Amino acid sequence: MSSVLRPAVSGQDPSSIASKYRPISSHLAIAPPVSVVIPAMNEAENLPYVFKTLPQWIHEVVLVDGNSTDNTVQVARELWPDVKVVEQLGKGKGDALITGFAACTGDIIVMVDADGSADGNEIVSYVSALVSGADFAKGSRFANGGGTDDMTPIRKLGNWALCTIVNRKFGARYTDLCYGYNAFWRHCLDEIDLDCTGFEVETLMNIRVVKAGLKVQEIPSHEYLRIHGASNLRAVRDGLRVLKVILRERSNRRSLRRRHAMELNSARGEVS
């Protein structure tokens, strides 16, 4: 699948060719539709800042409403009339994202937070990485060109420590671990089989794409301060949940290796 809009060849209708592609910059056009998933709970004040930076060429916006008590849904519909609103039945960011992913119809899925900390203009970099061959485009605040206005020194230290553990235990080469701005081809969902409900979902995704052997490309990203309201993130509590996920995935990996070795030995015994 080409990511470049090619000139029409002789005998072809230019309008029929152009309709297959969606221009996203002066030098890049894509055919795959892009879905943007935004989990939100009481983010009515922040949504204008979020939607203002979303590119018009995206295929759809899926807003997962976590039982908001303000006018989050109304504001979203005013800002983006075609927004697809999905009601979250469970709780937690992981549950919200899983709900949103299931509602997407695009071939490419982008995760964007609703607090105004992410710049939608960066989506073009994520999509460019995917159409150039990556399976998973992972945002990083610590890659060259990235940055953050929101992390405290303690959170930076914790993120570095957890990232180091994942790199050593799973053979990854990440510069950032606990960041929610990512994009991926829809087929990746079949490989990573998400099954957690909290903030640790981003870590789980990052681990499982490596375990699945998917091609990951980090994208430098700048995280801005939340504009209105307070975050539900709690550094110690959620850091422990992330560590628990890492240990569980490491244990599962060892179990799979042992089972594979047993099956291999059994097969060799039958042959002999």
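Glu 60 is placed in strand 4, which spans residues 60–65, in a model that is predicted. With a relative accessibility of 9%, Glu 60 counts as buried, because buried residues are those under 20% relative accessible area. The side chain of this residue makes a polar contact with the side chain of Lys 84, at a distance of 3.4 Å. When residues up to four places away in sequence are left out of account, Glu 60 touches Val 34, Ser 35 and Val 36, as well as Lys 84 and the residues Ala 103, Cys 104, Thr 105 and Gly 106.

The protein as a whole has 9 helices and 11 strands, and of its 272 residues 46% count as buried.

Rolling a probe the size of a water molecule over the atoms shows where empty space is left. In this structure there is 1 cavity of 30 Å³ or more, and the volume of the largest cavity is about 40 Å³. The lining of the largest cavity is made up of Asp 113, Ser 117 and Ala 118, together with Tyr 179, Gly 180 and Tyr 181. Sorted by class, this lining has 3 nonpolar, 2 polar and 1 charged residues.

The backbone was also considered at two loop positions. Most residues other than glycine have a negative phi. Asn 67, however, has a phi near 60°, a positive value in a residue other than glycine. Asn 67 lies in the loop that runs between strand 4 and helix 3, the latter covering residues 72–79, and strand 4 is also the element in which Glu 60 is placed. At a relative accessibility of 43%, Asn 67 counts as partly exposed, because this value falls between the limits of 20% for buried and 50% for exposed residues.

Asp 193, which is not a glycine either, has a positive phi of about 45°. The position of Asp 193 is in the loop between helix 7 (188–192) and helix 8 (201–211). With 54% relative accessibility, Asp 193 counts as exposed, since that class begins over 50%.

Technical notes: Residues numbered from 1 in each chain as written. Predicted model: local features only at pLDDT ≥ 70, side-chain atom pairs only at ≥ 80, totals over all residues. Heavy atoms only, no water. Helix = DSSP H or I, 4+ residues; strand = E, 2+ residues; numbered from the N terminus. Buried < 20%, exposed > 50% of the residue type's maximum accessible area, 1.4 Å probe, protein only. Polar contact = N/O pair within 3.5 Å; in protein donor to acceptor, adjacent residues only side chain to side chain. Contact = heavy atoms within 4.5 Å. 1 Å grid on protein atoms, 1.4 Å probe; cavity = no way out; pocket = protein on both sides within 12 Å on 5 of 7 lines; lining within 4 Å. Points joined across faces, edges and corners; volume = space filled by probe spheres on them. Nonpolar A, V, L, I, M, F, W, Y, C, P; charged D, E, K, R; others polar.
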